[in-house]
Amino acid sequence: MRPTAWIRARLDRGWSLSSLGANEARILFDVAASAAAVGAAVGFLALFVPGSTSFRQTAPLLMAPILFIAWNVVAGLYTRLRIAAWQRKAVVLFGTVTATSVICVLLGAPAAGVVLWGLIVTAPVILGRLFVALPFSRHTSLVTTLVTHRHGPVLVLGGAGYIGWHTVDLLLGRGYEVRVLDRLMYGRESIAEFVGHPRFELIEGDVTDITKLTAAARNASAMIHLAGLVGDPACAVDADFTRHTNIVATRMAKEVAQSLGVYRFVFASSCSVYGLSDGEVDELSAVNPLSLYAQTKADSERELLHALRDDFFVTVLRFATVFGHSKRPRFDLVTNLFTAQAMIEGRITVAGPDQWRPFIHVRDLARAVLHVLEAPPEIVQSQVYNVGDRRLNMTIGQLAELVATVSREFRDSVTVTLREQAAPDRRNYLVSFEKIRSHLGFQAETGLADGIREMARNFASGSYQNYRDEVYSNVATTLRAVETFYDPLESQRLYTPRRVG
Ligand SMILES: NC(=O)c1ccc[n+]([C@@H]2O[C@H](COP(=O)([O-])OP(=O)(O)OC[C@H]3O[C@@H](n4cnc5c(N)ncnc54)[C@H](O)[C@@H]3O)[C@@H](O)[C@H]2O)c1
């Protein structure tokens, strides 16, 4: 963030204690402890060391809080050591207290007062760090205040996508600053309306481009990871590219988030990790990925939930099968495809009508992300949630009938035809959404009929191009991206470190 933008944002936030950023809270605490220690030391000198409170002698002591903060800044206590273990911080603080004391004595402060200052200030600044690191205090709002930037922008990786558009729209509507990092595989039209918004920033680039990722994560308050290749057909185009885009990118995003102190991380996984199951599955059920796409989601989850620091708050959201309108429309999703077939051709073609699917409207997914973002971090830390709503579990056959019924409000004669599956889709799962309902109070707001109706209305008003057009195709877009991936010039542009600024 530019200094002027930071100053403006700081002034906007006001000066109440609850508006403090993480570092502001730390520095205020250290200044307060140090100033209180100066007060105690000067009082001690006045009472017990006659003749020691002349201006020449007390002035260096009064400078102790400033010197102490300056040493802490130089030692990196508010920057790179912010996330270090408390023992390391204790050693550094001991060093900065000693350095401050030595300078005060050299400047002429009475040794007794300086020693007393050092003893008094050491206790709160070191014990404070120990207290924050203790297990019982890890889950308090104190920790949240101390370790999280609560005021930086929310970084949305893949914010120009189908779910990303709704997420950005919702975040901006709630007053957040939003930064998007997206390689714009589907163009920039979806987010054109946000460009120019005072709280919106777009960085065009790949998540695996470390320079861009680092720039995007700087000063962010949270990272929402929606970028990646979506769906079985697109992920089957090139296995290496898929793993790179879905797993390597996730690993890099986690590393950069942790390194830059972006402590909240929300990851978009998928209920397809459950694969095939007989009964209802919940978050404790074994995963059984049946495709490379589902496998990359399972691997990414493991990557994210593995070897976590206590102050890194990761939440994995396993999205149900999405439906509904977005500024980046998708017609590879079964509900949207059926609606397109019904509205354009008047005939829905169904394969595997008895398979169960859990459905959820795309806007509700963005709401779920927001629920997580606004929940106390200790509740959502390292949690996996299925995101959907029991009321929207349905078989593919039932869905086709529902789409046909709703589409008949807009046009005559919509039929449903069964066909054999060329390559059978073996996924069949009933999912429980009890955990997200009971933990976070999340329930869907948009039902299937309303979502289908909204899309049908968009078809009727001509908002979409031909739904079979390449601009909507994940596979065609992935094929183009794969070419770029293997083009050495393009790789060089993406991955060679560049001079910044
Ligand atoms: N839509 C669903 O049914 C569904 C279901 C479950 C999970 N999900 C997950 O939700 C996330 C978002 O899905 P969506 O439907 O919005 O997909 P989408 O394809 O519409 O959006 C993905 C966005 O990410 C960007 N992107 C892809 N790879 C990138 C990279 N390496 N660097 C930068 N940007 C990159 C694309 O340009 C695109 O804008 C995905 O991770 C997906 O797997 C989606």
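**Ligand shell, cavity and a salt bridge**

Around the ligand stand 29 residues, of which Tyr162, Ile163, Asp182, Tyr293 and Arg330 come nearest. The model is predicted. The protein buries 98% of the 830 Å² that the ligand exposes when taken alone. Elsewhere, the structure holds one cavity of 30 Å³ or more, and a search of the whole structure finds 20 salt bridges.

- The side chain of Arg330 places an N or O atom 2.5 Å from an oxygen atom of the ligand. Arg330 is also among the residues that come nearest to the ligand.
- Arg328 also uses its side chain: one of its N or O atoms is 2.9 Å from a ligand oxygen atom.
- Arg183 uses its backbone. An N or O atom there lies 3.1 Å from a nitrogen atom of the ligand.

**Make-up of the ligand shell**

- Strand β5 supplies the largest share, three residues.
- By class, the shell has 16 nonpolar, seven polar and six charged residues.

**The cavity**

- Rolling a probe the size of a water molecule over the atoms shows where empty space is left.
- The largest cavity has a volume of about 30 Å³.
- Its lining consists of His225, Ala227, Gly228, Asn246, Thr250, Phe267, Thr296, Lys297 and Ser300.
- Helices α12 (239–259) and α13 are the elements that give two or more residues to this lining.
- Helix α13 gives the most, with three residues.
- By class, the lining of the largest cavity has two nonpolar, six polar and one charged residues.

**A salt bridge across the chain**

- Side chains of opposite charge can pair when their charged atoms come close.
- Arg363 and Asp169 form a salt bridge, with their closest N and O atoms 3.0 Å apart.
- The pair links distant parts of the chain, 194 residues apart. Arg363 sits in helix α15 (residues 362–374), and Asp169 in helix α8.

Methods:
Residues numbered from 1 in each chain as written. Predicted model: local features only at pLDDT ≥ 70, side-chain atom pairs only at ≥ 80, totals over all residues. Heavy atoms only, no water. Near = heavy atom within 4 Å. Polar contact = N/O pair within 3.5 Å; in protein donor to acceptor, adjacent residues only side chain to side chain. Areas by Shrake-Rupley, 256 points an atom, 1.4 Å probe, with all protein chains shown as cover. Helix = DSSP H or I, 4+ residues; strand = E, 2+ residues; numbered from the N terminus. Nonpolar A, V, L, I, M, F, W, Y, C, P; charged D, E, K, R; others polar. 1 Å grid on protein atoms, 1.4 Å probe; cavity = no way out; pocket = protein on both sides within 12 Å on 5 of 7 lines; lining within 4 Å. Points joined across faces, edges and corners; volume = space filled by probe spheres on them. Salt bridge = Lys/Arg side-chain N within 4 Å of Asp/Glu carboxyl O.
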